[in-house]
Amino acid sequence: MKGFTFLLTLAIALPCRAAVDFSRDIQPILSENCYHCHGPDANHRKADLRLDDEKAAKTGKIILPGKANESELIHRIVSDDPDEVMPTPKSNRKLTDSQKKLLKQWIAEGANWGKHWAFEPVIRPKVPTGAKHPIDAFVRQKLAEVGLEPNPPARRETLVRRLSLDLIGLPPDPAEKSEPTALIEKLLSSVHFGERWAWEWLDAARYADTNGYQGDPERTMWPWRDWVVSAINANMPYDQFTVWQIAGDLLPNATEEQKIATGFNRNHMINGEGGRIAEETRVENVMDRVETTGTVWLGLTMQCTKCHDHKFDPLTMRDYYALYDAFNQTSEDGVARSGQAAPAMDLSTPDELERSKKAEAMVHAIANELDAFELKKFPRPAGRPLTESAAIDLPGNLPAYIAKTVPRNRGVDPLLEAIGYFKDKDSEYTKLLQRLLAAQREKLAAKNAVTKVMIMDTLPKLRETYQLEKGAYDKPTTTKVSFTTPAVLPPLADGAPKNRLGLAQWLVSRQNPLTARVTVNRFWQSIFGVGLVKTAEDFGVQGEVPPHRELLDWLAAEFMESGWDVKRLLRLIVTSETYQQSSEHVVRASARSEGVKKNGLKPELQTDPENRLLARGPRFRMPAWMLRDQALALSGLLNPKLGGPGVKPYQPEGIWEEATFGKKTYQQDHGEALYRRTLYVFWRRIVGPTLLFDNSTRQVCAVKTSRTNTPLHALVTLNDTTFVEAARVLSEKVLHLSGDDETHLKQAFQIVTHREPKADELGVLRRQLLALRQQAASGASKLLKVGEAKTDPALKPAEHAAWTSLCLMLLNLDEVVSKE
Amino acid sequence: MNAFEFQHQQLSRRALFGQGAVGIGSLALGSLMASQQPDPLAPALPHFAPKARRVIYLLQNGAPSHVDLFDYKPLLKQRHGMQIPESVVGGKRFSTMTGGQAARPVLGEITQFSRHGQSGATVSSFLPRIGAMADELCFIKSMHTTQVNHAPAITFLMTGGEQAGRPAMGAWLSYGLGSETEDLPAFVVMTSRDKEASCGQIFYDFYWGSGFLPSKYQGVKFRGSGDPVLYLSNPDGMSRELRRTMLDGLGELNAIKLRDHGDPETATRIAQYEMAYRMQSSVPELTDLSNEPKHILDMYGPDVLRQGSYAYNCLMARRLAERGVRFVQLMHAGWDQHRNLNTQLKIQCTDVDAPSAALVKDLKQRGLLEDTLVIWGGEFGRTPFLQGDITNTKQWGRDHHPYAFTIWMAGGGIRAGMTHGESDEFGFNAAKDKVHIHDLQATIMHLMGIDHERFTFRFQGRQFRLTDVHGEVVKPVLA
């Protein structure tokens, strides 16, 4: 744990420093401790002092270059007087002695200023000598500085599994015999590659199959998701991938595909709560787009500037609303009628329309029956409406729901309330109401399943954008803003269109210092578990200065200059020795004691729990979606079909019902839909798939998923039907292979881990099998019924159950739930 | 040393979970949910001696009508049916349900108020048991908030932010203070709704989310039917003994892995699975009510044995508090009387009255109230004026109202038998000693021994806290 806290300051502690570097050493201190009151936010600046701007900071006596002891800044930070010392005790911030020393040294050396590193242009650094592969060259250089040696290469079978999980998100075929180099090419061209890399993009794009909020209506954005998978599979250059999604509709003669891609900016939640003001929702949606764009492409926390100038980064409210203006021009009106709010592209099929027509007719027929029934139930003069009957005296909402609403217009909520009221009073009437409810639900479901993809468009007459006071939709200020890019970053190219297209092209221009760095870092994070910049969501001055800054810059330059070639980038990473080394935790210190002495490193760093120094290969618990995909693949159940509407696999009963008060019923699929990849699992935004833990909730943009361990996670992989069924089917597969117990044990172990068991492991397995055999008989018939896959009746139930338990244990091994 | 010896030396369950947990055990435990330790990255807490060790938040989802239940304003009946003065309304915004309503006639309370106890608190006849407990309670009648719709207002109340994505109060507290139980989650959520099923507010998971805190701190929702914790039960046909055998094998193989590969995460994994096993028995023990005497069950009212009812959840809240759960967030929907004030409010009150009072009483008689903070209240109040048509009494209603509302608190560090703050004579605006949501949050933190300004988490480059940059501890309510 000490290592943890220590590593937070790794960026500062690491380099053996000759001279102080402003961006790496000084700015993080100033930003963390001073900018809150003496930073870019003019409205909250104290004492009219700013330390984020060189000119301002060097005016007066605050910072006198070369004269540390005469500088007011130094005087203030070392003061013992509580009224004088900075940061003020009230601020809950405190400088360490080494930070004070650094600031002193920096001023003494001339107080050289610099720009925040991530805002500097990406210049390709020279690759150090000492290794063939550029990644290794950068990593080895840093390791040498601290006196560490890299691990030896991972065992071949370990590497094969690692590559397969990383590149396609599935374990290798047990029969996989390709050499790693050939395997990499095979995986990069697999159709499953796009499925694997779509996952993080869907998290970033807050993709889901419903709107969220009250009513949580379904949407049909899956053609957008399928477009993402195919674009990744086709290795669409990332710059093009960006332009299509942000501004595909603005390209000349935009194709259907280019318009579908713009669904990216319609994937956010939509609040359709009763009483909700539509304009408030619309404004919230526009803000979501600004902030998502900020996070995904720029790694900037734009949301801070919604209400005030940024406290740390040189970003202003004006910058925020200048981006806002670009996203403020679609024809959406903020009314969340359904999950297919205009503008939407109609991709309906004849079957879908037919289903909808049928459902409509069914509602009509039952409504007629109800009309007839209610004529008797609520007698009134001939030809008069229900409002002139006893129905108007029903309690609660029922006069509105029943008396004032003719049957065919009664929706789900009114019917649920009516059924609740009449269920103990009039069973015949209740039955009719229930039939209408079922028909209305089908009508709604059918309507919502008619495929329409929400997309972006542009109003014929553009909206005027004003800065909003504290971001409140109903408090426009008089400051009118039109689209431009943040002032601190390079300007738009001359003649660039002043709209989303201009924005998109600017994001992926070679001059943009952020997009490539931020993108490369996200890929690195997926593979190594932690990004080169740990704060994948923040590349601003409060974000982490990467310990391997030159490596990041080199990769970013390489990525751009290769034509934003994603497969090339991934190939580059996975062919490095850094990636291919063993993930064992063994400290290999060539000159450990010297390293400690020379660089003032604490010994804890040598264990480097987060592997920031990259002296070992990556090892971490796989994401929950990958665990499910792995279990399906290992058992042979996996259905490799690509694309299409979301599927509904096993889920404990009553989850949707409880979350929606019975308004939404989970209708589990059957047959092969149960075994589709997790990417295709239907995502209800208010209550996501229950077996996914630690994932983004897909409510807002997320580029950094959390990795924790709780007993609840273990319960999923021990008890969820998918995993138990996979263990059962896997055991059947093993028992069908020829050979005795010993062979079967080896084979089962080999399938799940992709390696042979060691002697002591085999010993444990043998004893396990004996013990499980003794206990499995009693519940065998039940255990073998978990999941819908058929069981081979020729197998003895007790034996099959014992092996099922054994395989379930194997699927839960630390090694199996980890990418190693 | 072979793997076996290694496991027995290092990883026997006693070594892992016993009092003297050392080495791998404590390392592993430190990163698990149910750890007794606060997060290793959290600042050292508490800042000062806490008055309360745990919180039970009885969140009345949908917004109870303060002017019908607690905040007695004689003027409402006097002016019944007359327009509420524009000087009071002052261009404030309302939900679209009354935002466009031309007439805003004052609606007198539909209940009878009377004074209760030594403190003389005014409580409606709809809530007799809560009224009878008045001397244990502290009413705040000057609450106000910023949001006019349910989801943003509840999100604001529970997370300090109006949109999804910030950590809930319970997540902050379990992150900062750790847990007092190893067998149960530190932060438990339970939901229920009125029997009439009159309302449709959904319980969104971001009401108990962990936001940018590690996801192990998110609230664990106990379900209203079936297994209280998802995936708690072994698969059909797998006995507890069989599961034990399986986990023994798993532990041994993982120990070999740890020996050969050396990743401390593997030790965490071993502990994680053992805890899961223990939770499989501690949760059923928690929900087994067979030892609750009849007089206790009776106190909580007729629904107490119905899983998923408010009464059941209140009893469960006491049992969770007894077992050291840090934060219980109990949410009960059905307070959204837009059109059914006259027909539904009473039923709703009946559902809630006895169990709420019983919980306070039950905690008190067990000596738990001293260090358990109980809070009862909604996300906002309801309009003192009418929503609907004044001649149609059956469909009278009140709209959402953020400008004044009432909550009550009891227990850990709260001054019993007092009323703090006032609204104006219409019950429309908080008028005296106003308490903002951030003030309430600051006060809860204070009672837990935390200075809300100093309890921060760095995310996206900013030091975030529950109270954003606001909030003042409401000192007069402290004991």
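This is a predicted model: local features need pLDDT of at least 70, side-chain atom pairs count only at pLDDT 80 or more; totals for chains, interfaces and linings use all residues.
Local features are taken only where pLDDT is at least 70 and side-chain atom pairs only at pLDDT 80 or more, while totals for chains, interfaces and linings use all residues. Residues are numbered from 1 along each chain as its sequence is written, with chains lettered from A and ligands numbered from 1 in the order in which they are written.

Chain B has 16 helices and 17 strands; these are DSSP runs numbered from the N terminus, with helices being H or I of at least four residues and strands E of at least two. Of the 479 residues in chain B, 63% are buried, meaning that 20 or more other C-beta atoms, placed from the backbone, lie within 10 Å of a residue's own.

Helix α15 of chain B covers residues 341-365. Most of α15(B) is covered, with 18 of its 25 residues buried. After α15(B) comes Gly367(B), with a positive phi near 75 degrees.

As for the partner, 82 residues of chain B are in contact with 85 residues of chain A, contact being C-beta atoms, placed from the backbone, within 7 Å. Helices supplying at least two residues each to this side of chain B include α9 (150-159), α12 (264-287) and α15. The most comes from α11(B), with 12 residues.

Terms used: A residue is buried if 20 or more other C-beta atoms lie within 10 Å of its own, exposed if 12 or fewer, and partly exposed in between; C-beta atoms are placed from the backbone. The expected span of a helix is 1.5 Å times one less than its number of residues. Two residues are in contact if their C-beta atoms, placed from the backbone, lie within 7 Å.
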